[in-house]
Amino acid sequence: LYLISGSPCLNSSALRMASETNTRKVSVLILGAGPTGLGAATRLHQHARAGSGSPRSSTDWLLVDQVAGAGGLACTDETEEGFLFDMGGHVIFSHYQYFDDLVDAALAKAGIGWNTHQRVSYVWLKQRFVAYPFQNNISALDKDDQISCLNGVIEAQLINALAKDKPANFDEWILRVMGKGIADLFMRPYNFKVWAVPTTEMQCDWLGERVATVDVKRAINNVIHNKEDAGWGPNAVFRFPKEGGTGAIWKAVADLLPQERQLYGAEALSVDLQGRTVSFRDGSKIHYDHLISTVPLDVTLRWTGYGDYADELTYSSSHIVGIGLRGKCPHGSKCWLYFPEDDCPFYRTTVFSNYAEGNCPAESTVLPTLCLGSGEVPEGSPTSGPYWSLMFEISESPYKPVAQDNVLIGGHTHPRIVLETLNGAIATGLIDPSDEVVSVYHRRLEHGYPTPSLKRESVLQKALPELRKHGIWSRGRFGSYRYEVANQDHSLMLGVEAVDAVLFGSREVTLDHANIVNATKNTQMRYE
C-alpha cells in the first residue's frame with residue numbers, strides 16, 4: 001500500500017504509450033515509489049550519469065506508483081488543521097554511507113534541515129516508566145518483579161547452555177535468552193501487541209539488532225545500584241526533518257530524478273510472466289525486460305499464479321491514530337513509548353511534536369476544540385496554541401481484530417479504534433480527560449508489518465528465485481518480506497543493490513546477509 005499527501009508528477013512523455021497497442025516498452029520497470037523503488041531509480045540514474053552499465057538498461061527505465069507522489073509507506077499525511085503524522089515510528093539512522101549521502105543531498109536541495117535527537121524511550125508498565133530496553137532496566141520494577149526477572153534470566157542461562165538445538169521459535173528464544181519472568185511480564189504481551197501473531201508462530205532468525213539480549217552481570221549490577229541503562233541500540237541517536245515529516249525526505253529524493261521517468265496515479269493490476277508485461281487499471285500496459293517490484297510479495301505471487309506460496313506468508317495490518325492537542329507538551333523530551341499491557345489498544349506511542357516544530361501548526365494558528373480527551377464536546381470559541389501531538393500504532397490480524405465500526409467523537413465520525421485510543425491515552429497517563437483535542441487522524445494500512453513467521457524463509461527461498469527466472473526482482477519491506485532489513489536505509493539499499501544485480505550480476509548483500517549489513521556501517525559505496 002503506497003500512501004502520500006502530495007502533488008502528482010505527471011509528464012506527458014512518461015504517460016505516452018505506444019499509441020496503437022496502448023503498450024509502452026522499457027528496459028527496467030520499477031513498481032512502487034517508496035524507499036526501495038526510489039533507491040533503484042536513483043542507482044539507475046547514477047549509472048546513466050556516470051556512463052556505466054548497459055547503455056539501454058541504465059537510461060531506459062520508468063518508476064511507477066499507484067498514488068499521487070513518492071513516499072510509499074514512508075510518507076507523511078497532514079490533517080486539515082495542519083498536524084503532520086507519519087505512517088508509524090520512522091526515524092533516520094543508517095548502516096550505509098550511500099543512504100546518508102543521498103538523503104543529505106536531497107534535503108539540502110529542498111532547503112530542509114535536520115533535527116538530531118537523543119532517544120528518550122520508556123516502557124509503561126504497572127503505572128510506572130521503565131527505561132528502554134526493558135530487559136536492561138528491571139531495576140525500575142518492584143522487588144517481587146525484580147526477583148522474578150533475575151531468577152528467570154539466571155535459569156535461562158543454564159537452560160541455554162545445555163540446549164543442543166537452536167530455539168524452535170521466537171517464544172522459545174525469549175525463554176532461553178530472557179527467562180520466564182521477563183517473558184511473561186513484557187516480551188510475550190508486548191510482541192503480541194506489535195505483531196498480532198503469537199510468539200510461538202514466529203521464527204527467531206530475524207532478531208539480530210532488533211532485540212536486546214540480557215547481560216546477566218549487567219542486569220544484576222543495575223538492580224543493586226538502581227541504575228537506569230538506556231543507551232543500547234542503533235537508534236540511540238537519530239535524525240528527523242525539520243519540515244514535512246519523513247515523507248519530505250522521499251519527495252526530495254524523487255525530485256533529484258528526471259521527472260519524465262516518474263509516473264504516478266497508475267495502479268498495477270496484474271503481471272504476465274511470459275509476456276513480461278504489467279497491466280494497469282486504465283487499460284494500459286508496460287512491457288519490461290527487468291521488473292523491480294516493491295509490491296507486497298504476497299500480492300505479486302497471486303498476480304503471477306503462485307498463490308500457494310502467498311498463502312504461507314503472514315503479515316499484520318496497522319492503524320495509525322494521531323491526535324493534535326492544545327497546550328504545552330507534558331512529556332519532556334520523550335520520543336517513543338511502549339505499552340505491553342491491555343489497558344490500551346496501542347503498542348507504541350510517539351510524541352510526534354517533539355521531533356520537529358513543523359509537525360504541528362504555528363502557535364498563532366486559531367483552531368476550535370473538537371472534543372476533550374474524555375470525548376465530550378466543550379463550549380467555547382476557537383483560540384490559538386501552542387500545540388503538541390501524539391501518534392499511536394495499533395496492529396491488526398485474524399489473531400487480533402480491531403474494532404472499526406463508526407462512532408461519533410466531537411461531532412465527527414471515526415472508527416471505534418480512535419475512541420479506544422483516546423480512552424487508552426487517558427488510562428496510561430498520556431493525556432488528561434480535560435485536554436483539548438483539536439485534530440484527529442486515522443489511517444489503516446493493509447500491509448503494516450511483514451511477519452517473520454515459521455514458514456517465511458522456506459517460502460522466500462523458493463519464491464524469490466522463481467520470480468527472478470522471469471526477470472522480476474521483488475524487493476523492499478514487503479517486496480522481500482525480511483523485516484530484519486526493512487528500515488528505511490535497508491529498504492533503499494535493497495533497491496540500489498537490485499539494480500546492480502540487474503546490470504552487473506552483483507551480490508545483493510542486504511537481501512541475503514542481514515547479519516553482515518547490521519553489524520557494521522558500509523562506507524565504501526557512495527552516492528555522488
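Analyst: Helices (H or I, at least four residues) and strands (E, at least two) are DSSP runs, numbered from the N terminus. The model is predicted: local features need pLDDT of at least 70, side-chain atom pairs count only at pLDDT 80 or more, and totals for chains, interfaces and linings use all residues. Residues are numbered from 1 along each chain as its sequence is written, and side-chain values use heavy atoms, with hydrogens and water left out.

User: How is α2 set against α12: parallel or oblique?

Analyst: Take lines fitted to C-alpha atoms over the stretch in contact, with angles running from 0 to 180 degrees between N-to-C directions. Helix α2 (residues 35-50) then packs on helix α12 (residues 488-504) at about 45 degrees, their axes 7 Å apart. Angles under 35 degrees count as roughly parallel, over 145 as roughly antiparallel, 65 to 115 as roughly perpendicular, and the rest as oblique. That makes the setting of α2 against α12 oblique.

User: And how many charged residues does the contact of α3 with α7 have?

Analyst: Helix α3 (residues 97-110) packs on α7 at about 85 degrees, with axes 8 Å apart, and the two are therefore roughly perpendicular. In contact (heavy atoms within 4.5 Å) are residues including Phe 99, Leu 102 and Lys 109 of α3 and Trp 250, Val 253 and Asp 255 of α7. By class (Ala, Val, Leu, Ile, Met, Phe, Trp, Tyr, Cys and Pro nonpolar; Asp, Glu, Lys and Arg charged; the others, Gly among them, polar), the contact has eleven nonpolar, no polar and, for charged, two.

User: How many residues of α7 are buried?

Analyst: Buried means under 20% relative accessible area, exposed over 50%, and partly exposed in between (1.4 Å probe, protein chains only). The buried residues of α7 include Gly 245, Ile 249 and Trp 250. Helix α7 (residues 245-255) is mostly covered, and of its eleven residues the buried ones number nine.

User: Is Asn 191 buried or exposed?

Analyst: Asn 191 has its place in helix α5. Beyond four places in sequence, Asn 191 touches Phe 170, Phe 186, Ala 196, Val 197 and Thr 199. At 6% relative accessibility, Asn 191 counts as buried.

User: What separates the C-alpha atoms of Tyr 338 and Phe 134?

Analyst: Tyr 338 lies in strand β14 (residues 336-338) and counts as buried at 7% relative accessibility. Setting aside neighbours within four places in sequence, its contacts include Tyr 132, Tyr 190 and Arg 348. Tyr 338 and Phe 134 are 204 residues apart along the chain, yet their C-alpha separation is 9.7 Å.

User: What's the phi of Ala 196?

Analyst: Ala 196 lies in the loop between α5 and α6 (216-224). At 0% relative accessibility, Ala 196 counts as buried. Most residues other than glycine have a negative phi. The phi of Ala 196, though, is positive, near 60 degrees.
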